[in-house]
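Here are a few notes to read alongside the model.

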Amino acid sequence: MANTVPPGLRVLMTRIAILLLFIFIAGCEERTSESSNQTHSLASIDLSLVERIVDRFQKVSQDQSKRTIFTSETLHISTENFLADPVEEQFHLMKDHWHEAHNTFLAASFPLFTDQDQNIFKIDAWPIQGGFLDYLPEYPHSGIISDLTLSITETSIRNQHGITDAQEVSLGFHALEFLIFSRAPVDFIASGDGITERRRLALALIARLLKQDINSMFTESEQVQNSIQTNLNKSNMLEVLKQLLHWLHKRVQFLFSEANSISSANTSHSRFSQSSWSNLGIQVKVLSDMTNEQTAINRLFFLLDQKTSADYRQTLAQTTDILNDGEPNEESLARVTLLLAALGIQLGDFNIVLENGTP
């Protein structure tokens, strides 16, 4: 009898094959612009254009940061209200406030000016091993909450975060997500049970530390943004552009990884709340707000490479349309993954032109 490939593996193999073909074609495609034309276009980049790009990044970042600080405070208050009165209504409100705070954080973290990997790991580390924090049905005594040798304090919770592996998460949105979406209100009702009390302490503490870390991250980011804007001049404007495009490229590459993880039940971004697909939509919307046809950075893309600029706009529009079209199926997920790979390649091409150009 002929060997058969399991359907799930066949889909994955097809997606990988298409992706590799797509990348190969994109890499081999000839440029329509000659090197001399690129140099001429780079010479058209002036300080006023760079100032408008920096202003746009800063405005989007500041607006979203303010919202995130507010929603994280709301989530913290909602958590305290639930613990004071652990009923279904308060439980559902807490879940809603988690979604709102997480969504605004994703939007705010996209246009950051600096590498925030360390801060983001404290705030939005994923994927996570749920059993590292609290018990799982198959492991009823697992997790920090069940380990009576560990105190539920800020020092302990911070020390345990990523202690031997990046998936050992005790801080941030997804530690909260696991506790909120994998438990029922009864699991938080004060009853004199030591484990329940520790779970209540952990929920309150993680929510408070999340609010604290978000405030710290965006305060630091705003200081960097203000410094860049204040010190922007003709001599450093190309370096600023390179930095902004580098981080934008890095974020889109991360989005590709995020999309690729959705097909696995254990590694997707927000698997406990089942909101990984909407996570992509939120971040792609911010990308569109920052780089669409009405923005200064779109003008920069046009100056760097006209054809890649047109391709980028088309790819971004297609990605947005699919993400706005409801919950995914195998086909839409595969298409979005490929489109995000294409966006990453296109942004990488802009970076190469900017790095190699000498106006």
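1. A residue counts as buried when its relative accessible area is under 20%, as exposed over 50%, and as partly exposed in between (1.4 Å probe, protein chains only).

2. A word on the ground rules. This is a predicted model, in which local features need pLDDT of at least 70 and side-chain atom pairs count only at pLDDT 80 or more, while totals for chains, interfaces and linings use all residues. Residues are numbered from 1 along each chain as its sequence is written, and side-chain values use heavy atoms, with hydrogens and water left out.

3. The chain has 14 helices and zero strands, taken as DSSP runs numbered from the N terminus (helices H or I, at least four residues; strands E, at least two). With contact meaning heavy atoms within 4.5 Å, 79% of the contacts between residues at least 6 apart in sequence join residues at least 24 apart.

4. Now to the interior. A nonpolar core is a set of buried Ala, Val, Leu, Ile, Met, Phe, Trp, Tyr and Cys residues joined through side-chain atoms within 4.5 Å. The largest one has 51 residues, and I45, I53, L245, L248, L280, L300 and L304 have the most contacts inside it. Helices that each supply at least two of its residues include α3 (47-84), α10 (237-261) and α14 (330-356). A second, separate core of 42 residues includes L75, L133, A175 and F188.

5. Apart from neighbours within four places in sequence, L248 is in contact with F57, F110, L287, M290, T291, I297 and L347.

6. T71, in helix α3, counts as buried because its relative accessibility is 4%. The T71 side chain reaches the backbone oxygen of T68 at 3.1 Å, and beyond four places in sequence T71 touches E100, A101 and T104. S332 sits in helix α14 and counts as buried because its relative accessibility is 13%. Leaving aside neighbours within four places, S332 is in contact with W277 and I322.

7. Lastly, which residues line the largest cavity? They are W126, P127, I128, H174, E177, S268, H269, S270, R271 and F272 (a cavity is a set of points on a 1 Å grid over the protein atoms alone where a 1.4 Å probe fits but cannot get out; lining residues have an atom within 4 Å of a point).

Key: 1 Å grid on protein atoms, 1.4 Å probe; cavity = no way out; pocket = protein on both sides within 12 Å on 5 of 7 lines; lining within 4 Å. Polar contact = N/O pair within 3.5 Å; in protein donor to acceptor, adjacent residues only side chain to side chain.
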